[in-house]
Amino acid sequence: MSIHSPTASSLRRMPLARELSIAFAGILLLALSARVQVPFWPVPMTLQTLTVMALGLTLGAGRGAAITLGYLLSGLAGMPVFAGAMAGPAVFAGPTAGFLLGMPLMAAIAGLGRGQGTLIRLTALTLASIALYAAGLAWLAQFVAADRLLAVGLLPFLFGDSVKIALCALMPSALARFTRLD
């Protein structure tokens, strides 16, 4: 009896193992993207939104949202996956909770652009960003005065997020074919 590591072809025959591998890789990628951070208060600037959009666009709405939800559950369970190595239920009571909880919706909306042309991808990614900001700002309003809400929760991030949207929208459609995750 020989024990061997799974190859790409054997993973195709093991859908659960394959899906779990994809999910683990996506959660790990999200956790790493949270470590790349420019400190702002009360919401740090990270590469998480770029990663969430790319996951949705590359893996599709369902997979992207599921992986992002898995990431949130990992953090809720105590794994230090959020920006600043934060973890646990307290994060979901803090100022960034709305942005975190908006990530699965962002991934799902971004995923609508999968396999589409650049203009559709750009539209899906823009709508995904708007959805994230709607969730994030609605929650952040509990922590920041109304006259400062846009100044601390939106305006500092618009340029960077515009660049992230453009990068994802211009990502070649071949990336989805290259990954062969269907």
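**Contacts, burial and helix packing**

Colleague: Which residues does G94 touch, leaving out those up to four places away in sequence?

Modeller: With those residues left out, G94 touches W139 and F143. Please bear in mind that this is a predicted model.

Colleague: And where is G94 found?

Modeller: G94 is in the loop between helix 4, residues 61-76, and helix 5, residues 97-111.

Colleague: Is G94 buried or exposed?

Modeller: G94 has a relative accessible area of 14%. The residue counts as buried because this value is under 20%.

Colleague: How many residues separate G94 and Q142 along the chain, and what is the separation of their C-alpha atoms?

Modeller: G94 and Q142 are 48 residues apart along the chain, and their C-alpha atoms are separated by 9.5 Å.

Colleague: What about A85, where is that?

Modeller: A85 is likewise placed in the loop between helix 4 and helix 5. Its phi is near 60 degrees, which is a positive value in a residue other than glycine.

Colleague: How accessible is A85, and what does it touch?

Modeller: A85 is partly exposed, with a relative accessible area of 36%. Not counting residues up to four places away in sequence, A85 touches R35 and P80.

Colleague: Let us turn to the whole protein. How many helices and strands does it have?

Modeller: There are nine helices and two strands. Along the sequence, the elements follow the pattern α-α-β-β-α-α-α-α-α-α-α.

Colleague: What share of the residues is buried?

Modeller: Of the protein's 182 residues, 43% count as buried. The accessible surface comes to about 9,600 Å², and 74% of that belongs to carbon and sulfur atoms.

Colleague: What share of the contacts joins residues at least 24 apart in sequence?

Modeller: The figure is 65%, taken among contacts between residues at least 6 apart in sequence.

Colleague: Now the helix packing. How does one describe two packed helices?

Modeller: One gives the angle between their axes and the distance between those axes.

Colleague: What are these values for helix 3 and helix 8?

Modeller: Helix 3, residues 48-59, packs with helix 8 at an angle of about 25 degrees, and their axes are 10 Å apart. Because angles under 35 degrees count as roughly parallel, helix 3 and helix 8 are described that way. Their crossing is right-handed.

Colleague: Which residues make that contact?

Modeller: Helix 3 contributes T49, L50, M53, A54 and L57, while helix 8 contributes D161, K164, I165 and C168. By class, the contact of helix 3 with helix 8 has six nonpolar, one polar and two charged residues.

Colleague: K164 is in that list. Is K164 buried or exposed?

Modeller: K164, in helix 8, is buried, with a relative accessible area of 9%. Residues up to four places away in sequence aside, K164 touches T46, L47, T49, L50 and M53.

Colleague: And T51, where is that placed and what does it touch?

Modeller: T51 is in helix 3. Its contacts, not counting residues up to four places away in sequence, are L29, L30 and S33. T51 is buried, with a relative accessible area of 9%.

Colleague: One more pair. How do helix 2 and helix 4 cross?

Modeller: The axes of helix 2, residues 15-35, and helix 4 come within 9 Å and cross at roughly 60 degrees. Helix 2 and helix 4 are therefore oblique to each other. This crossing of helix 2 and helix 4 is right-handed.

Colleague: Which residues are in contact there?

Modeller: From helix 2 they are R18, E19, I22, A23, G26, I27, L30, A31 and A34. From helix 4 they are R63, I67, T68, G70, Y71 and S74. By class, the contact of helix 2 with helix 4 has eight nonpolar, four polar and three charged residues.

Methods: Residues are numbered from 1 along each chain as its sequence is written. This is a predicted model: local features need pLDDT of at least 70, side-chain atom pairs count only at pLDDT 80 or more; totals for chains, interfaces and linings use all residues. Side-chain values use heavy atoms; hydrogens and water are left out. Helices (H or I, at least four residues) and strands (E, at least two) are DSSP runs, numbered from the N terminus. Buried means under 20% relative accessible area, exposed over 50%, partly exposed in between (1.4 Å probe, protein chains only). Contact means heavy atoms within 4.5 Å. Axes are lines fitted to C-alpha atoms, for helices over the stretch in contact, and angles run from 0 to 180 degrees between N-to-C directions. Angles under 35 degrees count as roughly parallel, over 145 as roughly antiparallel, 65 to 115 as roughly perpendicular and the rest as oblique. A crossing is left-handed if the near helix is turned anticlockwise from the far one by less than a right angle, and right-handed if clockwise. Ala, Val, Leu, Ile, Met, Phe, Trp, Tyr, Cys and Pro count as nonpolar, Asp, Glu, Lys and Arg as charged, and the others, Gly among them, as polar. Accessible areas come from the Shrake-Rupley method with a 1.4 Å probe; for residues, only the protein chains shown count as cover.
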